[in-house]
Amino acid sequence: MGARRILVTDLDGTLLGDDDALDRFAWWYTTGGEEYRLVYATGRSRASLEDLMVQTRLPEPDALSTSVGTELYDADGNAWPGWDERFAGWDAARARHVLVGIGWLRPQPAAAQTPLKASFNAPGLRSAELNILRTALRVAGIEATILYSSNLYVDVLPPGSGKGEGATVVAQAWGARAEDVLVFGDSGNDLPMFQRSFRGTLVANALPELTTGVGPETYRSPYPFADGVLDGIRHWSRLEGS
């Protein structure tokens, strides 16, 4: 694989959401995207993503960051070397046990829970309520990252995980410079990708939880979904004169 640039894109609400736009992206990538490697960064589980790829025209990726960036796989579906080892001793069950007593949190179904991810639903949370969760975990001696997205989903993850860290690990392994990594997203759990030195694009349908959290260097596409991804690729390519 000789590609020198990397596309790291969220799926639901970013690359997915408009089937015609996805067709345009798939056609571009399979006919002219040879200078890029493709990474999917999603809140979905690996099994859910694999089912989705059977049902849609999503191109085959070169790496997968799943379960909100707590799992990382290569193109063959093998665990990324060294990734799981960094979370040794962290147990999402402990976080679930601490937080399950908070009345306004509703645990997501068992299929959404993993050894490294405790997931809840809680609509309309504010920063004060998220701080209550952080304090409860800290008092219990649990170091964790809390992500809130789509004004509903609460994900509790181990430190050193997340979509941004996964993208960084992949880019370093492939020898890519930060400016050669393009990231795309629409919701709060994508924010860690935009807090690195990558080149970020918000699709037009991105939620305020993401649009208010990114810096002025982020490109804000006027196009939604996969058309916004394609527009972001064109934008950054024009700036480079390529």
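## Surface and overall build

Accessible areas here come from the Shrake-Rupley method with a 1.4 Å probe. On that basis, the protein exposes about 11000 Å². Carbon and sulfur atoms supply 52% of this area. The model is a predicted one.

The protein holds eight helices and eleven strands. Its radius of gyration is 18 Å, close to the 18 Å that the globule rule gives for 242 residues, so the protein is as compact as a globular protein of that length. Along the principal axes, the C-alpha atoms fill a box of roughly 55 × 35 × 35 Å. Of the 242 residues, 53% count as buried. Take the contacts between residues at least 6 apart in sequence: 61% of them join residues at least 24 apart.

## The sheet

Seven strands make up an open sheet with mixed pairing. The strand order is β4-β3-β2-β1-β9-β10-β11. Strands β4 (71–74) and β11 (219–220) stand at the edges. Each has a single partner strand, so one side of each is left without a neighbour in the sheet.

Helix α2 (residues 46–55) packs on the sheet. The helix touches β2 (36–41), β3 (63–66) and β4, and its direction makes about 125 degrees with that of β3. Helix α5 (residues 163–173) lies across β1 (5–9), β2, β3, β4 and β9. Helix α5 runs at about 30 degrees to β4.

## Two parallel pairings

Strands β9 (residues 181–185) and β10 (residues 199–202) run parallel, joined by four bridges. Within this pairing, Leu182 has Arg199 of β10 as its bridge partner.

Strands β2 and β3 also pair in the parallel sense, here over three bridges. Ala41 stands opposite Ser65 in β3.

In a regular strand, side chains alternate between the two faces of the sheet. Strand β3 is covered on both faces. Ala63 and Ser65 are buried on one side, and Leu64 and Thr66 are buried on the other.

## Thr42, in a loop

Thr42 sits in the loop between β2 and α2. With a relative accessible area of 0%, Thr42 is buried.

Which residues does Thr42 contact, leaving aside its neighbours within four places in sequence? They are Asp10, Leu11, Asp12, Leu49, Ser65, Thr66, Ser67, Val68, Gly69 and Lys163. Of these, Ser65 and Thr66 are buried residues of β3.

Is Glu71 buried or exposed? Its relative accessibility is 19%. Buried means under 20%, so Glu71 counts as buried.

Beyond its neighbours within four places in sequence, Glu71 is in contact with Arg46, Leu64, Ser65, Thr66, Trp83 and Thr114. Among them, Arg46 is 25 residues away from Glu71 in sequence. The C-alpha atoms of Glu71 and Arg46 are 8.4 Å apart in space.

Notes. Residues are numbered from 1 along each chain as its sequence is written. This is a predicted model: local features need pLDDT of at least 70, side-chain atom pairs count only at pLDDT 80 or more; totals for chains, interfaces and linings use all residues. Side-chain values use heavy atoms; hydrogens and water are left out. Two strands pair if DSSP finds at least two bridges between them. Contact means heavy atoms within 4.5 Å. Axes are lines fitted to C-alpha atoms, for helices over the stretch in contact, and angles run from 0 to 180 degrees between N-to-C directions. The radius of gyration is taken over C-alpha atoms; the globule rule is 2.2 Å times the number of residues to the power 0.38. Buried means under 20% relative accessible area, exposed over 50%, partly exposed in between (1.4 Å probe, protein chains only).
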